[in-house]
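This report describes a protein structure for a reader who is new to the subject. Please keep the sequence and the structure in view while reading.

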Amino acid sequence: MNLPKKVSITEVGPRDGLQNIKTWIPTETKLAIIDGLIDAGMKKIEVTSFVHPKSIPQMADAATVLQTVKQKYAGKVTAVALAPNLFGAAKAIELGADEITFVVSASEKHNLENTNQTIADSLRALKKVCEISRQLPVRLVVATSFVCPFAGKVEPEKVAHVVEAGLLAGAATEVALGDTVGKAHPLQVEKLLNYLMPRFPHVDFILHLHDTCGMGLASILTALNMGITKYEASIGGLGGCPFAPGAAGNIATEDLVNMLHQMDVETDIDFPKLVNVARMIDQAIPLSVNGHMLKVYN
């Protein structure tokens, strides 16, 4: 295997991991989770989403969460906020987000369900977000990069179209490829990366994989062998898209870190502390965590 010496992980649990939970999670609990993740060594965390509370009630405290993290950890952690539109991005920028995540689907149908906009409309909105962000990085996430819950398999050409248009709109050269429904398999990951990497040699591609069908770590191993060193994961394996029927949780951060450490790939993350955060979440929320390590690590 041609494995990298070191991998960086962006933790998306406080946003992607919690957004589907209907029972209100107190702001203090969310902040305690973020505290634990930072103590475990996480340097970049997607802390919240500036989406309308009517769409995702769990993110109603986005302003408080972001402001508290910034006040407590300014300069120590990159606080990322997801913004689905220009209004959300402006609010995140105003409150001090270090980076904006903007999502555009490669599937027209999913983009309509997710944002009530066409892909072209979303790309125009992305350009406006980039214009107001000034020096703040706006990172593009291409949702449904592999499979759409409505239209099925997504061809690499559609993903490449969104990547190219997003870069022209001003997005940062870190682009995340989202397996929104968790059905991507290793050969599909290899095919997409083989298509994209030669066309966009200046782009750092990030994999954001869900684990609905249990192929997430296998797909990451494929990407590792291809030189991909940036990944997104969610503590406890929580998560899922509210607008993607059947989408289960993300790759569990603790499972990913365990696999990497077992293969002598560095992450700068304290694994025992990370498992303790998963344990805290398991006790604090009304759902069982999906990761394996909590079941076997004492």
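## The chain as a whole

The model is predicted. Its protein chain contains 12 helices and 10 strands. Along the principal axes, the C-alpha trace of the protein chain spans about 45 × 45 × 35 Å. A compact globule with 298 residues would have a radius of gyration near 19 Å, and the protein chain, with 17 Å, agrees with this.

Of the 298 residues in the protein chain, 56% are buried. The protein chain exposes about 12,500 Å², and 52% of this area is supplied by carbon and sulfur atoms.

## The largest cavity

The count of cavities of 30 Å³ or more comes to 2. The largest cavity has a volume of about 60 Å³. Its lining consists of Ser-145, Phe-146, Lys-153, Val-154, Glu-155, Pro-156, Gln-188, Lys-191 and Leu-192.

Which helix gives the most to the lining of the largest cavity? It is helix α8, residues 186-199, with 3 residues. Sorted by class, the lining of the largest cavity has 4 nonpolar, 2 polar and 3 charged residues.

## The second largest cavity

The second largest cavity has a volume of about 30 Å³. The residues that line the second largest cavity are Gly-13, Pro-14, Gly-17, Leu-18, Ile-33, Ser-234, Ile-235, Leu-238 and Ile-281. Helix α1, residues 13-17, provides the largest share of this lining, namely 3 residues.

By class, the lining of the second largest cavity divides into 6 nonpolar and 3 polar residues, with no charged residues.

## Helix α9 and its surroundings

Helix α9 covers residues 216-225, and its buried residues are Gly-216, Ser-219, Ile-220, Thr-222, Ala-223 and Leu-224. Against which elements do the buried residues of α9 pack? They pack against α8, β9 (204-209), β10 (230-233) and α10 (253-262). Helix α8 also contributes to the lining of the largest cavity.

Just after α9, Gly-227 takes a positive phi of about 95 degrees. Apart from its neighbours within four places in sequence, Cys-213 is in contact with Gly-182 and Lys-183. The C-alpha atoms of Cys-213 and Pro-156 are separated by 21 Å, and these residues are 57 residues apart along the chain. Pro-156 is one of the residues that line the largest cavity.

Most residues other than glycine have a negative phi.

Phi of Thr-144 is positive, near 50 degrees, although the residue is not glycine. Thr-144 is found in the loop between β5 (138-143) and β6 (147-148). Is Thr-144 buried or exposed? Its relative accessible area is 0%, so Thr-144 is buried. Not counting residues up to four places away in sequence, Thr-144 touches Ser-105, Ala-106, Ser-107, His-110, Pro-149, Val-154, Gly-178 and Thr-180. Among these, Val-154 also lines the largest cavity.

Asn-116 is not a glycine either, yet its phi is positive, at about 60 degrees. Asn-116 has its place in the loop between α5 (108-115) and α6 (119-133). With a relative accessibility of 69%, Asn-116 counts as exposed, because exposed means over 50%.

## A buried glycine in a loop

Gly-239 is placed in the loop between β10 and α10. Its relative accessible area is 18%, and Gly-239 is buried because this value is under 20%. The C-alpha atoms of Gly-239 and Val-289 are separated by 9.9 Å, while 50 residues separate them along the chain.

Note on methods:
Residues are numbered from 1 along each chain as its sequence is written. This is a predicted model: local features need pLDDT of at least 70, side-chain atom pairs count only at pLDDT 80 or more; totals for chains, interfaces and linings use all residues. Side-chain values use heavy atoms; hydrogens and water are left out. On a 1 Å grid over the protein atoms alone, a cavity is a set of points where a 1.4 Å probe fits but cannot get out, and a pocket is an open set with protein on both sides within 12 Å along at least five of seven lines; lining residues have an atom within 4 Å of a point. Grid points are joined across faces, edges and corners, and a volume is the space filled by probe spheres set on the points. Helices (H or I, at least four residues) and strands (E, at least two) are DSSP runs, numbered from the N terminus. Ala, Val, Leu, Ile, Met, Phe, Trp, Tyr, Cys and Pro count as nonpolar, Asp, Glu, Lys and Arg as charged, and the others, Gly among them, as polar. The radius of gyration is taken over C-alpha atoms; the globule rule is 2.2 Å times the number of residues to the power 0.38. Buried means under 20% relative accessible area, exposed over 50%, partly exposed in between (1.4 Å probe, protein chains only). Accessible areas come from the Shrake-Rupley method with a 1.4 Å probe; for residues, only the protein chains shown count as cover. Contact means heavy atoms within 4.5 Å.
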